[in-house]
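Work through the exercises below with the structure open. Each task is followed by a stepwise solution.

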Amino acid sequence: MFQYYLIAIVLVYWCLNKRLGATLFYLMTLSISINSLLKHALRDPRPYWLVEDIALKKELTYGVPSGHAQNATVFYGTIALWFRRSWIWLLSILMILLMALSRVYLGVHDIEDVLAGTLVGVLILIAYYFWQRLGESWFKNRILGQRLLIAIILPLILGAIYITILILTTPAAEDSPWFQHVDNAEIESYQNFALSITGLIGLSIGLILEGNRVRFLVSGPFWKRFLRFLVGLSGVLILWFGLGEIFPEEPVGVAITFSSFRFLLMILWIAYYAPLLFTRIRLAEQTPEPDSLLFP
């Protein structure tokens, strides 16, 4: 799911509006981390795990909250908050509603799942709203080392909560009517959270270092922006699919570790190293003053 948003996010970040792209990137990565944590904490079955043959699509993870509904709320809600125009609000609400209804139609979620996902998405947007007004200026005034430290505190807190949940809870017992789905759901949950939390740490560090050391500008002629997108996206494909062919897929623990490392490299490339390359090969100009992006 994230890969579909990722193309739009990198296009905005590298070529159209750097600050909006960084905000979308951070909020979406945060949303996926929170969703992975909540899914594994609640361990709620999907509808077709209880009643077979009602789904048009299969999913490996647990059901609630719906990640598609939550992430759509965060993505389109952020755009609506950013531009603050009535027609964008209406279009964003329509896209969120269509995403939620599609998940119910496909049989992979029930109404409660998508409502929960939408609610969590709204709460993330509320936190973003208050960050803009209460936290952003304070954060900008911190020195580099303090900003880096603050940036990794949130993912570390989420990681600590996740570990605590795993210690205190257990998967469904063998007599559960949907026990056959548990093994796949547990493995997928471990992997999703590991990737998302690693990505959140890498993104936080990458955005801060970019704003302090690179400071690239998205302005420029169309051909430069187009080449930026092609060069940057080529790096993403090489890191994700190229390393995917090299890194081991078994055993599960090793595979998750290497996948997380691969995701970390990809995120750092998008946030920091690709912009650095753009400035070195003259595909992007630089601002002389250090920039503190909206999010760490």
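The model is predicted.

**Exercise 1. Which residues lie nearest the centre of the second largest pocket, and how many residues line it?**

Solution. 
- Start with the centre: Thr73, Ile93, Ile96, Thr118 and Val122 lie nearest.
- Then count the lining, which comes to 18 residues.
- Next, take the volume: the second largest pocket holds about 320 Å³ of space.
- Trace the helices. At least two lining residues come from each of α4 (67-83), α5 (86-105) and α6 (111-140). The biggest share, 8 residues, is from α5.
- Finish with the classes. The lining has 14 nonpolar and 4 polar residues, and no charged ones.

**Exercise 2. How do α2 and α8 pack, at what angle and with their axes how far apart?**

Solution. 
- Locate the pair: α2 covers residues 18-42 and α8 covers residues 182-214.
- Read the geometry. The angle is about 155°, and the axes are 9 Å apart.
- Apply the cut-off: angles over 145 degrees count as roughly antiparallel. The two helices, α2 and α8, are therefore roughly antiparallel to each other.
- Sort the contact of α2 with α8 by class: 12 residues are nonpolar, 9 polar and 3 charged.

Note on methods:
Residues numbered from 1 in each chain as written. Predicted model: local features only at pLDDT ≥ 70, side-chain atom pairs only at ≥ 80, totals over all residues. Heavy atoms only, no water. Axes fitted to C-alpha atoms, helices over the stretch in contact; angles between N-to-C directions. Helix = DSSP H or I, 4+ residues; strand = E, 2+ residues; numbered from the N terminus. Parallel < 35°, antiparallel > 145°, perpendicular 65-115°, else oblique. Nonpolar A, V, L, I, M, F, W, Y, C, P; charged D, E, K, R; others polar. 1 Å grid on protein atoms, 1.4 Å probe; cavity = no way out; pocket = protein on both sides within 12 Å on 5 of 7 lines; lining within 4 Å. Points joined across faces, edges and corners; volume = space filled by probe spheres on them.
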